[in-house]
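Welcome to this short tour! Open your viewer, get your selection tool ready and follow along stop by stop.

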Amino acid sequence: MRQLLSGTTASRGMALGRARLVQPNRYQVDTRPLGEDEVDNELARLHRALDAARQELRELRGKLHGALAREVNEFIDAHSLLLDDAELLRGLDDMVRIGHYRAGAALKKQRDRLAAVFEAMDDPYLRSRKEDIDQVISRVVSALQRQTSAEERKLAARVGEILVADTIAPADMAHLAGHGLLGVIASSGSPYSHSAILARSLDLPMLVGTRDALSTIHDDDLILLDAERGETVVHPTAQDLSRYRAWQRESAQEGRRLASLANAPTRTRDGVGIRLLANAESTADVATARARGADGVGLYRTEFLFLRHKGLPSEDEQFIAYRDLVMGMGGMPVTIRTLDLGADKADAAGLVLRGEDNPALGVRGVRLSLRYPAVFTTQIRAILRAACYGPVRVLVPMVTQPDELIAVRTLFKLARQDLKRENVDLPEKLPLGAMIEVPAAAINVRALLEHADFLAIGTNDLAQYVLAADRGNDALENIYNPLQPALLRLIAHVISAGRRADKPVSLCGEIGGDVKFTALLLALGLCEFSMHPSQLLHVRDRLAMLDHAELRRYAPRLIRARTHEDAEALLAAISETMQG
Ligand code: PEP
Ligand code: MG
(Lines give C-alpha, C1' and ligand atoms only; values in the text may rest on other atoms or scores of the structure.)
(Ligands and ions follow the chains in the order given, each with its own letter.)
Protein backbone atom coordinates (compact mmCIF):
# COMPACT_ATOMS: atom_id res chain seq x y z
CA MET A 1 0.00 0.00 0.00
CA ARG A 2 1.27 3.45 -0.92
CA GLN A 3 2.75 5.41 1.97
CA LEU A 4 4.11 8.94 2.04
CA LEU A 5 6.91 10.10 4.37
CA SER A 6 8.08 13.68 4.57
CA GLY A 7 11.64 14.90 5.08
CA THR A 8 13.91 17.88 4.45
CA THR A 9 15.73 18.15 1.14
CA ALA A 10 19.49 18.08 1.58
CA SER A 11 20.27 17.49 -2.10
CA ARG A 12 17.70 17.88 -4.87
CA GLY A 13 16.66 15.31 -7.45
CA MET A 14 14.60 12.14 -7.63
CA ALA A 15 15.41 8.45 -7.58
CA LEU A 16 13.45 5.26 -7.96
CA GLY A 17 14.97 2.18 -6.38
CA ARG A 18 14.89 -0.59 -3.84
CA ALA A 19 15.39 0.30 -0.21
CA ARG A 20 18.51 -0.80 1.56
CA LEU A 21 18.19 -0.30 5.28
CA VAL A 22 21.20 0.29 7.43
CA GLN A 23 20.53 -0.30 11.09
CA PRO A 24 23.98 -0.64 12.57
CA ASN A 25 22.86 -2.30 15.74
CA ARG A 26 20.54 -4.79 14.18
CA TYR A 27 22.15 -8.16 13.70
CA GLN A 28 19.91 -10.80 12.28
CA VAL A 29 22.01 -13.79 13.14
CA ASP A 30 21.63 -17.45 12.72
CA THR A 31 22.22 -18.89 16.19
CA ARG A 32 22.09 -22.57 15.22
CA PRO A 33 25.43 -24.21 16.15
CA LEU A 34 27.73 -25.30 13.37
CA GLY A 35 28.32 -28.95 12.60
CA GLU A 36 31.96 -30.05 12.98
CA ASP A 37 32.26 -30.40 9.19
CA GLU A 38 31.07 -26.80 8.64
CA VAL A 39 33.70 -25.11 10.80
CA ASP A 40 36.41 -24.68 8.15
CA ASN A 41 33.97 -23.30 5.66
CA GLU A 42 32.57 -20.86 8.18
CA LEU A 43 36.05 -19.66 9.16
CA ALA A 44 36.82 -19.03 5.51
CA ARG A 45 33.57 -17.08 5.15
CA LEU A 46 34.43 -14.98 8.19
CA HIS A 47 37.90 -14.20 6.86
CA ARG A 48 36.57 -13.33 3.42
CA ALA A 49 34.24 -10.84 5.09
CA LEU A 50 37.07 -9.39 7.19
CA ASP A 51 39.20 -9.06 4.04
CA ALA A 52 36.35 -7.42 2.19
CA ALA A 53 35.91 -4.92 5.02
CA ARG A 54 39.66 -4.16 5.01
CA GLN A 55 39.60 -3.76 1.24
CA GLU A 56 36.61 -1.42 1.50
CA LEU A 57 38.49 0.81 3.90
CA ARG A 58 41.56 0.81 1.65
CA GLU A 59 39.40 1.74 -1.33
CA LEU A 60 37.73 4.48 0.65
CA ARG A 61 41.07 5.97 1.53
CA GLY A 62 42.25 5.83 -2.06
CA LYS A 63 39.08 7.46 -3.35
CA LEU A 64 38.96 10.43 -1.06
CA HIS A 65 40.81 13.61 -1.81
CA GLY A 66 41.12 17.06 -0.42
CA ALA A 67 38.75 18.36 2.20
CA LEU A 68 36.88 15.10 2.35
CA ALA A 69 39.99 13.03 2.93
CA ARG A 70 41.20 15.15 5.79
CA GLU A 71 37.92 14.65 7.57
CA VAL A 72 37.62 10.94 7.26
CA ASN A 73 41.12 9.52 7.09
CA GLU A 74 41.54 9.55 10.83
CA PHE A 75 38.52 7.39 11.37
CA ILE A 76 39.45 5.09 8.51
CA ASP A 77 42.82 4.55 10.23
CA ALA A 78 41.18 3.77 13.54
CA HIS A 79 38.83 1.29 11.91
CA SER A 80 41.62 -0.40 9.94
CA LEU A 81 43.58 -0.91 13.18
CA LEU A 82 40.57 -2.52 14.82
CA LEU A 83 40.15 -4.90 11.91
CA ASP A 84 43.70 -6.09 12.43
CA ASP A 85 43.46 -6.31 16.20
CA ALA A 86 44.96 -9.67 17.14
CA GLU A 87 42.77 -10.13 20.17
CA LEU A 88 39.58 -9.41 18.29
CA LEU A 89 40.53 -11.81 15.51
CA ARG A 90 41.61 -14.57 17.86
CA GLY A 91 38.36 -14.22 19.80
CA LEU A 92 36.33 -14.54 16.61
CA ASP A 93 38.26 -17.56 15.39
CA ASP A 94 37.89 -19.30 18.75
CA MET A 95 34.18 -18.72 18.80
CA VAL A 96 33.76 -20.37 15.43
CA ARG A 97 36.33 -23.13 15.92
CA ILE A 98 35.71 -24.03 19.56
CA GLY A 99 32.28 -22.56 20.30
CA HIS A 100 30.78 -23.60 16.92
CA TYR A 101 29.23 -20.16 16.45
CA ARG A 102 28.30 -19.11 12.93
CA ALA A 103 30.31 -16.10 11.67
CA GLY A 104 27.41 -13.62 12.14
CA ALA A 105 26.72 -14.83 15.65
CA ALA A 106 30.41 -14.66 16.58
CA LEU A 107 30.59 -11.08 15.33
CA LYS A 108 27.53 -10.12 17.34
CA LYS A 109 28.92 -11.77 20.47
CA GLN A 110 32.28 -10.00 20.12
CA ARG A 111 30.52 -6.71 19.50
CA ASP A 112 28.40 -7.09 22.64
CA ARG A 113 31.39 -8.11 24.73
CA LEU A 114 33.61 -5.22 23.57
CA ALA A 115 30.75 -2.72 23.80
CA ALA A 116 30.25 -3.70 27.44
CA VAL A 117 33.98 -3.26 28.15
CA PHE A 118 34.07 0.19 26.55
CA GLU A 119 30.82 1.29 28.13
CA ALA A 120 32.19 0.53 31.58
CA MET A 121 35.16 2.86 31.09
CA ASP A 122 35.34 6.14 32.99
CA ASP A 123 37.20 8.03 30.32
CA PRO A 124 34.55 9.59 27.99
CA TYR A 125 36.90 9.33 25.01
CA LEU A 126 37.45 5.61 25.46
CA ARG A 127 33.75 5.18 26.09
CA SER A 128 33.00 6.84 22.79
CA ARG A 129 35.16 4.26 21.01
CA LYS A 130 32.23 1.88 21.36
CA GLU A 131 30.83 3.58 18.27
CA ASP A 132 33.93 2.60 16.30
CA ILE A 133 33.53 -1.02 17.36
CA ASP A 134 29.92 -0.90 16.24
CA GLN A 135 30.78 0.59 12.88
CA VAL A 136 33.65 -1.80 12.18
CA ILE A 137 31.65 -4.88 13.09
CA SER A 138 28.65 -3.72 11.04
CA ARG A 139 30.97 -3.33 8.08
CA VAL A 140 32.10 -6.96 8.46
CA VAL A 141 28.51 -8.11 8.99
CA SER A 142 27.44 -6.36 5.78
CA ALA A 143 30.30 -7.98 3.91
CA LEU A 144 29.16 -11.33 5.28
CA GLN A 145 25.58 -10.70 4.23
CA ARG A 146 26.66 -9.71 0.76
CA GLN A 147 28.29 -13.14 0.34
CA THR A 148 25.03 -14.87 1.13
CA SER A 149 22.69 -12.84 -0.97
CA ALA A 150 24.09 -12.94 -4.48
CA GLU A 151 20.55 -13.07 -5.84
CA GLU A 152 19.64 -9.91 -4.00
CA ARG A 153 22.75 -8.21 -5.29
CA LYS A 154 21.78 -9.02 -8.86
CA LEU A 155 18.41 -7.39 -8.38
CA ALA A 156 19.89 -4.42 -6.64
CA ALA A 157 22.31 -3.93 -9.47
CA ARG A 158 19.39 -3.93 -11.88
CA VAL A 159 17.08 -1.57 -10.07
CA GLY A 160 19.62 0.32 -7.99
CA GLU A 161 19.48 1.00 -4.30
CA ILE A 162 18.41 3.85 -2.12
CA LEU A 163 20.07 3.88 1.25
CA VAL A 164 17.80 4.31 4.26
CA ALA A 165 19.78 5.02 7.42
CA ASP A 166 19.82 7.09 10.54
CA THR A 167 22.82 9.05 9.26
CA ILE A 168 25.54 8.28 6.77
CA ALA A 169 29.24 9.07 7.12
CA PRO A 170 30.74 11.08 4.21
CA ALA A 171 33.27 8.32 3.51
CA ASP A 172 30.57 5.70 3.10
CA MET A 173 28.58 7.98 0.85
CA ALA A 174 31.57 8.60 -1.41
CA HIS A 175 32.17 4.87 -1.57
CA LEU A 176 28.57 3.88 -2.27
CA ALA A 177 28.11 6.61 -4.85
CA GLY A 178 30.91 4.94 -6.79
CA HIS A 179 28.95 1.68 -6.62
CA GLY A 180 25.70 2.86 -8.10
CA LEU A 181 23.89 4.21 -5.05
CA LEU A 182 20.89 6.22 -6.26
CA GLY A 183 20.02 8.32 -3.25
CA VAL A 184 19.93 8.60 0.52
CA ILE A 185 17.10 8.90 3.02
CA ALA A 186 18.32 9.74 6.52
CA SER A 187 16.05 9.71 9.52
CA SER A 188 18.09 12.43 11.25
CA GLY A 189 20.82 14.86 10.13
CA SER A 190 20.94 18.38 8.81
CA PRO A 191 21.16 19.83 5.28
CA TYR A 192 24.36 21.61 6.36
CA SER A 193 26.20 18.45 7.40
CA HIS A 194 29.30 17.31 5.54
CA SER A 195 27.33 14.39 4.13
CA ALA A 196 24.69 16.72 2.72
CA ILE A 197 27.35 18.90 1.13
CA LEU A 198 28.92 15.82 -0.37
CA ALA A 199 25.57 14.56 -1.70
CA ARG A 200 25.10 17.86 -3.51
CA SER A 201 28.51 17.73 -5.07
CA LEU A 202 27.96 14.11 -6.13
CA ASP A 203 24.54 15.02 -7.54
CA LEU A 204 22.93 12.39 -5.35
CA PRO A 205 19.38 13.13 -4.14
CA MET A 206 19.18 13.13 -0.36
CA LEU A 207 16.52 13.72 2.27
CA VAL A 208 17.29 14.23 5.95
CA GLY A 209 14.93 14.25 8.91
CA THR A 210 12.62 11.54 7.53
CA ARG A 211 11.78 10.52 11.08
CA ASP A 212 9.82 7.33 10.44
CA ALA A 213 11.98 6.02 7.62
CA LEU A 214 13.57 3.14 9.50
CA SER A 215 10.36 1.94 11.07
CA THR A 216 8.17 2.26 7.97
CA ILE A 217 10.41 1.19 5.09
CA HIS A 218 11.57 -2.41 4.74
CA ASP A 219 14.52 -3.86 2.87
CA ASP A 220 13.68 -4.32 -0.81
CA ASP A 221 10.59 -2.09 -0.75
CA LEU A 222 10.31 -0.15 -3.97
CA ILE A 223 10.59 3.53 -3.09
CA LEU A 224 10.46 6.82 -4.93
CA LEU A 225 12.78 9.36 -3.33
CA ASP A 226 11.47 12.78 -4.28
CA ALA A 227 13.95 15.35 -3.00
CA GLU A 228 12.27 17.96 -5.24
CA ARG A 229 9.21 17.90 -2.99
CA GLY A 230 10.92 16.63 0.18
CA GLU A 231 9.10 13.32 0.40
CA THR A 232 9.49 9.58 0.01
CA VAL A 233 6.80 7.43 -1.57
CA VAL A 234 6.88 3.80 -0.37
CA HIS A 235 5.26 1.43 -2.92
CA PRO A 236 4.68 4.14 -5.53
CA THR A 237 1.62 3.95 -7.78
CA ALA A 238 1.53 4.17 -11.58
CA GLN A 239 0.78 7.86 -11.19
CA ASP A 240 3.89 8.39 -9.05
CA LEU A 241 5.98 6.54 -11.60
CA SER A 242 4.75 8.67 -14.44
CA ARG A 243 5.60 11.81 -12.42
CA TYR A 244 9.08 10.36 -11.96
CA ARG A 245 9.45 9.71 -15.69
CA ALA A 246 8.32 13.25 -16.47
CA TRP A 247 10.95 14.55 -14.05
CA GLN A 248 13.60 12.37 -15.72
CA ARG A 249 12.75 13.80 -19.14
CA GLU A 250 12.78 17.35 -17.82
CA SER A 251 16.04 16.95 -15.96
CA ALA A 252 17.74 15.47 -19.02
CA GLN A 253 16.56 18.48 -20.99
CA GLU A 254 17.69 20.78 -18.21
CA GLY A 255 21.12 19.10 -18.20
CA ARG A 256 21.50 19.82 -21.92
CA ARG A 257 20.36 23.41 -21.46
CA LEU A 258 22.81 23.95 -18.58
CA ALA A 259 25.65 22.42 -20.59
CA SER A 260 24.99 25.04 -23.26
CA LEU A 261 25.72 27.71 -20.64
CA ALA A 262 29.33 26.57 -20.24
CA ASN A 263 30.64 29.27 -22.52
CA ALA A 264 28.06 31.91 -21.74
CA PRO A 265 29.03 35.07 -19.87
CA THR A 266 27.82 35.37 -16.28
CA ARG A 267 25.33 38.21 -16.10
CA THR A 268 22.21 39.08 -14.19
CA ARG A 269 18.94 39.72 -16.05
CA ASP A 270 19.69 43.45 -16.04
CA GLY A 271 23.18 42.87 -17.46
CA VAL A 272 25.42 43.19 -14.39
CA GLY A 273 28.55 41.06 -14.78
CA ILE A 274 29.28 38.65 -11.92
CA ARG A 275 32.50 36.71 -11.38
CA LEU A 276 32.14 32.98 -10.82
CA LEU A 277 35.12 31.28 -9.22
CA ALA A 278 35.75 27.65 -8.33
CA ASN A 279 36.73 26.01 -5.05
CA ALA A 280 39.14 23.55 -6.62
CA GLU A 281 41.61 21.09 -5.17
CA SER A 282 42.18 18.26 -7.59
CA THR A 283 43.13 18.27 -11.25
CA ALA A 284 39.61 16.99 -11.95
CA ASP A 285 38.16 20.06 -10.21
CA VAL A 286 40.41 22.33 -12.25
CA ALA A 287 39.32 20.62 -15.47
CA THR A 288 35.63 20.97 -14.55
CA ALA A 289 36.14 24.59 -13.53
CA ARG A 290 37.63 25.41 -16.92
CA ALA A 291 35.10 23.37 -18.86
CA ARG A 292 32.29 25.24 -17.16
CA GLY A 293 33.77 28.66 -17.75
CA ALA A 294 34.91 29.64 -14.25
CA ASP A 295 36.63 33.03 -14.04
CA GLY A 296 39.37 31.57 -11.87
CA VAL A 297 39.94 29.63 -8.67
CA GLY A 298 38.57 31.44 -5.63
CA LEU A 299 39.75 28.90 -3.07
CA TYR A 300 42.51 26.33 -3.31
CA ARG A 301 42.76 24.53 0.03
CA THR A 302 46.38 23.49 0.56
CA GLU A 303 45.77 21.30 3.61
CA PHE A 304 45.37 18.16 1.56
CA LEU A 305 49.06 18.28 0.61
CA PHE A 306 49.91 18.14 4.30
CA LEU A 307 47.28 15.58 5.22
CA ARG A 308 48.22 13.16 2.47
CA HIS A 309 51.82 13.02 3.61
CA LYS A 310 53.38 11.20 6.48
CA GLY A 311 55.87 14.02 7.00
CA LEU A 312 55.79 17.59 5.73
CA PRO A 313 55.62 18.15 1.97
CA SER A 314 58.85 19.64 0.67
CA GLU A 315 59.11 23.02 -1.04
CA ASP A 316 59.46 21.31 -4.42
CA GLU A 317 56.45 19.07 -3.87
CA GLN A 318 54.36 22.07 -2.97
CA PHE A 319 55.77 24.11 -5.84
CA ILE A 320 54.79 21.41 -8.35
CA ALA A 321 51.22 21.18 -6.99
CA TYR A 322 50.76 24.97 -7.06
CA ARG A 323 52.40 25.36 -10.45
CA ASP A 324 50.18 22.64 -11.95
CA LEU A 325 47.15 24.42 -10.58
CA VAL A 326 48.24 27.78 -11.98
CA MET A 327 49.05 26.33 -15.38
CA GLY A 328 45.87 24.24 -15.34
CA MET A 329 43.83 27.42 -15.12
CA GLY A 330 45.50 28.75 -18.26
CA GLY A 331 46.12 32.34 -17.20
CA MET A 332 43.05 32.83 -15.05
CA PRO A 333 43.64 33.99 -11.48
CA VAL A 334 44.15 31.37 -8.82
CA THR A 335 43.69 31.98 -5.09
CA ILE A 336 45.95 29.77 -2.98
CA ARG A 337 44.97 29.59 0.66
CA THR A 338 47.81 29.12 3.10
CA LEU A 339 47.69 26.16 5.42
CA ASP A 340 44.48 25.86 7.44
CA LEU A 341 45.24 23.02 9.83
CA GLY A 342 43.97 22.69 13.37
CA ALA A 343 40.53 22.15 14.89
CA ASP A 344 38.98 19.24 12.99
CA LYS A 345 41.77 19.22 10.41
CA ALA A 346 44.41 17.17 12.20
CA ASP A 347 47.67 16.45 10.39
CA ALA A 348 50.06 13.61 9.96
CA ALA A 349 53.12 15.80 10.43
CA GLY A 350 52.32 16.58 14.04
CA LEU A 351 52.03 20.36 13.57
CA VAL A 352 48.66 20.58 15.24
CA LEU A 353 48.92 21.20 18.96
CA ARG A 354 47.59 18.26 20.89
CA GLY A 355 45.61 18.45 24.04
CA GLU A 356 43.92 21.78 23.40
CA ASP A 357 40.72 21.91 25.41
CA ASN A 358 38.85 23.65 22.65
CA PRO A 359 40.62 23.17 19.32
CA ALA A 360 37.98 24.97 17.22
CA LEU A 361 38.89 28.06 19.23
CA GLY A 362 42.54 27.13 19.41
CA VAL A 363 45.71 27.37 17.36
CA ARG A 364 44.36 26.81 13.84
CA GLY A 365 44.82 28.42 10.43
CA VAL A 366 47.20 31.36 10.34
CA ARG A 367 47.70 31.11 14.10
CA LEU A 368 49.32 27.72 13.57
CA SER A 369 51.33 28.80 10.51
CA LEU A 370 52.82 31.73 12.43
CA ARG A 371 53.85 29.42 15.22
CA TYR A 372 55.98 27.42 12.76
CA PRO A 373 57.68 30.12 10.64
CA ALA A 374 60.10 27.66 9.02
CA VAL A 375 57.27 25.40 7.83
CA PHE A 376 55.25 28.43 6.73
CA THR A 377 58.23 29.88 4.86
CA THR A 378 58.57 26.65 2.88
CA GLN A 379 54.98 27.08 1.73
CA ILE A 380 55.51 30.77 1.00
CA ARG A 381 58.59 30.05 -1.14
CA ALA A 382 56.68 27.40 -3.10
CA ILE A 383 53.82 29.85 -3.72
CA LEU A 384 56.19 32.63 -4.80
CA ARG A 385 57.89 30.30 -7.28
CA ALA A 386 54.58 29.03 -8.69
CA ALA A 387 53.30 32.59 -9.08
CA CYS A 388 55.71 33.12 -11.98
CA TYR A 389 53.52 30.82 -14.10
CA GLY A 390 50.32 32.86 -13.95
CA PRO A 391 48.28 35.22 -11.80
CA VAL A 392 48.18 34.09 -8.16
CA ARG A 393 46.56 35.58 -5.07
CA VAL A 394 47.32 34.41 -1.52
CA LEU A 395 44.53 33.94 0.98
CA VAL A 396 45.12 33.74 4.74
CA PRO A 397 42.66 31.63 6.79
CA MET A 398 41.29 32.32 10.28
CA VAL A 399 42.52 35.91 10.44
CA THR A 400 41.41 37.67 13.62
CA GLN A 401 43.44 40.89 13.73
CA PRO A 402 45.73 43.02 11.51
CA ASP A 403 49.02 41.96 13.10
CA GLU A 404 48.56 38.49 11.62
CA LEU A 405 48.42 39.91 8.10
CA ILE A 406 51.40 42.13 8.84
CA ALA A 407 53.39 39.11 10.04
CA VAL A 408 52.46 37.12 6.91
CA ARG A 409 53.52 40.03 4.68
CA THR A 410 56.84 40.21 6.48
CA LEU A 411 57.46 36.50 5.92
CA PHE A 412 56.64 36.94 2.21
CA LYS A 413 59.06 39.86 2.02
CA LEU A 414 61.86 37.89 3.65
CA ALA A 415 61.23 34.89 1.41
CA ARG A 416 61.36 37.16 -1.65
CA GLN A 417 64.74 38.53 -0.56
CA ASP A 418 66.13 35.02 -0.10
CA LEU A 419 64.81 33.80 -3.44
CA LYS A 420 66.20 36.87 -5.16
CA ARG A 421 69.63 36.14 -3.70
CA GLU A 422 69.28 32.61 -5.08
CA ASN A 423 68.51 34.08 -8.53
CA VAL A 424 65.04 32.55 -8.62
CA ASP A 425 62.42 34.24 -10.82
CA LEU A 426 59.82 36.13 -8.80
CA PRO A 427 56.35 37.45 -9.61
CA GLU A 428 55.97 41.22 -9.68
CA LYS A 429 53.04 41.36 -7.37
CA LEU A 430 51.19 38.89 -5.26
CA PRO A 431 47.93 40.17 -3.74
CA LEU A 432 47.41 39.08 -0.14
CA GLY A 433 43.87 38.58 1.14
CA ALA A 434 42.16 37.71 4.40
CA MET A 435 39.50 35.11 4.92
CA ILE A 436 36.66 36.51 6.95
CA GLU A 437 35.51 33.65 9.13
CA VAL A 438 36.09 34.96 12.65
CA PRO A 439 33.38 37.34 13.91
CA ALA A 440 36.00 39.86 15.13
CA ALA A 441 37.47 40.02 11.61
CA ALA A 442 34.03 40.72 10.15
CA ILE A 443 33.15 43.39 12.67
CA ASN A 444 36.54 45.10 12.51
CA VAL A 445 36.98 44.51 8.79
CA ARG A 446 38.04 48.08 8.05
CA ALA A 447 41.22 47.63 10.06
CA LEU A 448 41.99 44.47 8.09
CA LEU A 449 41.32 46.21 4.80
CA GLU A 450 44.25 48.51 5.53
CA HIS A 451 46.48 45.45 5.20
CA ALA A 452 44.58 43.16 2.81
CA ASP A 453 44.32 43.47 -0.97
CA PHE A 454 41.11 41.43 -1.09
CA LEU A 455 38.74 39.49 1.15
CA ALA A 456 37.03 36.10 0.95
CA ILE A 457 34.12 35.41 3.27
CA GLY A 458 34.20 31.84 4.63
CA THR A 459 30.60 31.43 5.69
CA ASN A 460 31.01 27.82 6.81
CA ASP A 461 33.20 28.90 9.69
CA LEU A 462 31.79 32.41 10.08
CA ALA A 463 28.33 30.93 10.69
CA GLN A 464 29.66 28.44 13.19
CA TYR A 465 31.58 31.08 15.15
CA VAL A 466 28.85 33.75 15.02
CA LEU A 467 26.19 31.32 16.14
CA ALA A 468 28.43 29.26 18.45
CA ALA A 469 27.04 26.20 16.69
CA ASP A 470 29.00 23.35 15.15
CA ARG A 471 27.65 22.88 11.64
CA GLY A 472 27.94 19.11 11.84
CA ASN A 473 25.78 18.86 14.95
CA ASP A 474 22.23 18.09 13.89
CA ALA A 475 20.90 18.94 17.31
CA LEU A 476 21.60 22.56 16.33
CA GLU A 477 19.76 22.47 13.02
CA ASN A 478 17.47 25.29 14.04
CA ILE A 479 20.42 27.54 14.95
CA TYR A 480 22.98 26.80 12.24
CA ASN A 481 21.07 28.50 9.47
CA PRO A 482 22.73 30.73 6.87
CA LEU A 483 19.71 33.07 6.98
CA GLN A 484 20.33 34.04 10.60
CA PRO A 485 20.04 37.85 10.64
CA ALA A 486 23.30 38.25 12.60
CA LEU A 487 25.15 36.46 9.82
CA LEU A 488 23.38 38.40 7.05
CA ARG A 489 24.33 41.68 8.71
CA LEU A 490 27.96 40.66 8.98
CA ILE A 491 28.12 39.51 5.35
CA ALA A 492 26.53 42.77 4.17
CA HIS A 493 28.91 44.78 6.36
CA VAL A 494 32.00 43.03 4.97
CA ILE A 495 30.85 43.40 1.35
CA SER A 496 30.12 47.09 1.70
CA ALA A 497 33.38 47.78 3.57
CA GLY A 498 35.24 46.06 0.72
CA ARG A 499 33.40 48.14 -1.86
CA ARG A 500 34.17 51.40 -0.02
CA ALA A 501 37.86 50.44 0.13
CA ASP A 502 37.68 49.47 -3.55
CA LYS A 503 38.91 45.96 -2.82
CA PRO A 504 37.36 42.73 -4.18
CA VAL A 505 35.26 40.60 -1.85
CA SER A 506 34.33 37.02 -2.72
CA LEU A 507 32.39 34.40 -0.76
CA CYS A 508 33.60 30.81 -0.75
CA GLY A 509 31.46 29.03 1.86
CA GLU A 510 28.86 26.42 0.84
CA ILE A 511 26.10 29.00 0.37
CA GLY A 512 28.10 30.56 -2.50
CA GLY A 513 27.23 27.54 -4.67
CA ASP A 514 23.71 26.96 -3.41
CA VAL A 515 21.12 28.50 -5.75
CA LYS A 516 18.78 28.92 -2.79
CA PHE A 517 21.02 31.75 -1.63
CA THR A 518 22.03 33.34 -4.94
CA ALA A 519 19.33 36.05 -4.82
CA LEU A 520 20.15 36.79 -1.19
CA LEU A 521 23.88 37.21 -1.83
CA LEU A 522 23.22 39.38 -4.87
CA ALA A 523 20.89 41.52 -2.75
CA LEU A 524 23.65 41.91 -0.16
CA GLY A 525 25.96 43.22 -2.89
CA LEU A 526 28.17 40.20 -3.62
CA CYS A 527 29.81 40.26 -7.07
CA GLU A 528 32.21 37.30 -6.74
CA PHE A 529 30.92 33.84 -5.91
CA SER A 530 33.27 30.90 -5.32
CA MET A 531 31.87 27.36 -5.27
CA HIS A 532 32.38 23.69 -5.95
CA PRO A 533 32.81 23.41 -9.76
CA SER A 534 29.70 21.20 -10.01
CA GLN A 535 27.60 24.24 -9.07
CA LEU A 536 28.97 26.77 -11.56
CA LEU A 537 26.35 26.31 -14.27
CA HIS A 538 23.46 26.20 -11.82
CA VAL A 539 24.50 29.50 -10.28
CA ARG A 540 25.16 31.11 -13.68
CA ASP A 541 21.71 30.04 -14.77
CA ARG A 542 20.08 31.42 -11.62
CA LEU A 543 21.91 34.74 -11.90
CA ALA A 544 20.55 35.24 -15.42
CA MET A 545 17.02 35.18 -13.98
CA LEU A 546 17.67 37.74 -11.25
CA ASP A 547 17.44 41.50 -11.46
CA HIS A 548 20.42 43.00 -9.65
CA ALA A 549 19.05 46.54 -9.24
CA GLU A 550 15.74 45.31 -7.91
CA LEU A 551 17.36 42.88 -5.49
CA ARG A 552 19.72 45.51 -4.12
CA ARG A 553 16.66 47.51 -3.07
CA TYR A 554 15.65 44.65 -0.76
CA ALA A 555 18.99 44.61 1.10
CA PRO A 556 17.93 46.93 3.95
CA ARG A 557 14.83 44.83 4.61
CA LEU A 558 16.77 41.57 4.50
CA ILE A 559 19.35 42.68 7.03
CA ARG A 560 16.64 44.08 9.30
CA ALA A 561 14.96 40.65 9.51
CA ARG A 562 14.38 39.62 13.12
CA THR A 563 14.69 35.85 12.72
CA HIS A 564 15.91 33.42 10.10
CA GLU A 565 12.28 32.47 9.49
CA ASP A 566 11.50 36.14 8.66
CA ALA A 567 14.47 36.30 6.30
CA GLU A 568 13.32 33.11 4.62
CA ALA A 569 9.77 34.40 4.16
CA LEU A 570 11.07 37.65 2.72
CA LEU A 571 13.36 35.80 0.34
CA ALA A 572 10.48 33.61 -0.84
CA ALA A 573 8.32 36.71 -1.45
CA ILE A 574 11.17 38.35 -3.39
CA SER A 575 11.69 35.36 -5.64
CA GLU A 576 7.96 35.23 -6.34
CA THR A 577 7.94 38.87 -7.46
CA MET A 578 10.94 38.23 -9.67
CA GLN A 579 9.27 35.31 -11.38
CA GLY A 580 5.98 37.17 -11.76
C1 PEP B 1 34.68 28.40 5.16
O2 PEP B 1 34.94 28.33 6.36
O3 PEP B 1 33.60 28.89 4.71
C4 PEP B 1 35.64 27.89 4.17
C5 PEP B 1 35.43 28.05 2.87
O6 PEP B 1 36.75 27.25 4.65
P7 PEP B 1 36.79 25.68 5.07
O8 PEP B 1 35.45 25.10 4.71
O9 PEP B 1 37.94 25.09 4.35
O10 PEP B 1 37.02 25.78 6.55
MG1 MG C 1 36.97 27.89 7.00
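A residue counts as near a molecule if one of its heavy atoms lies within 4 Å of it. Keep that in mind for the first stop, and remember along the way that you are looking at a predicted model.

**Stop 1: the ligand**

Select ligand 1 and show what lies around it: 13 residues surround it, and the closest are Arg301, Arg337, Gly458, Asn460 and Asp461. Arg301 places a polar side-chain atom 2.7 Å from an oxygen atom of ligand 1. Arg337 also uses a polar side-chain atom, which lies 2.9 Å from an oxygen atom of the ligand. Which part of Thr459 lies 3.2 Å from a ligand oxygen, backbone or side chain? Here a backbone N or O atom sits at that distance.

**Stop 2: helix 19 and helix 20**

To see the contact, show Thr459, Leu462, Ala463 and Val466 of helix 19 together with Ala486, Leu487, Leu490 and Ile491 of helix 20. Colour this contact by class and you will find seven nonpolar residues, one polar residue and no charged ones.

**Stop 3: helix 15 and helix 16**

Next, select residues 373-386 for helix 15 and residues 402-421 for helix 16. They pack at an angle of about 65 degrees, with their axes 9 Å apart, and this crossing is right-handed. On the helix 15 side, pick out Phe376, Thr377, Ile380, Arg381, Leu384 and Arg385; they meet Val408, Leu411, Phe412, Ala415, Arg416, Asp418 and Leu419 in helix 16. How many charged residues does this contact have? There are four, alongside eight nonpolar residues and one polar.

**Stop 4: helix 23 and helix 24**

For the last stop, select helix 23 (residues 548-559) and helix 24 (residues 564-579), which pack at about 160 degrees with axes 11 Å apart. That angle makes helix 23 roughly antiparallel to helix 24. The crossing is right-handed. Show Glu550, Leu551, Tyr554, Arg557 and Leu558 in helix 23, then their partners Ala567, Leu570, Leu571, Ile574, Thr577 and Met578 in helix 24. By class, this contact holds eight nonpolar, one polar and two charged residues.

Conventions:
Residues are numbered from 1 along each chain as its sequence is written. Chains are lettered from A and ligands numbered from 1 in the order in which they are written. This is a predicted model: local features need pLDDT of at least 70, side-chain atom pairs count only at pLDDT 80 or more; totals for chains, interfaces and linings use all residues. Side-chain values use heavy atoms; hydrogens and water are left out. Contact means heavy atoms within 4.5 Å. Helices (H or I, at least four residues) and strands (E, at least two) are DSSP runs, numbered from the N terminus. Ala, Val, Leu, Ile, Met, Phe, Trp, Tyr, Cys and Pro count as nonpolar, Asp, Glu, Lys and Arg as charged, and the others, Gly among them, as polar. Axes are lines fitted to C-alpha atoms, for helices over the stretch in contact, and angles run from 0 to 180 degrees between N-to-C directions. A crossing is left-handed if the near helix is turned anticlockwise from the far one by less than a right angle, and right-handed if clockwise. A polar contact is a pair of N or O atoms within 3.5 Å; within protein, one must be able to donate a hydrogen and the other to accept it, and residues adjacent in sequence count only if both atoms are side-chain atoms. Angles under 35 degrees count as roughly parallel, over 145 as roughly antiparallel, 65 to 115 as roughly perpendicular and the rest as oblique.
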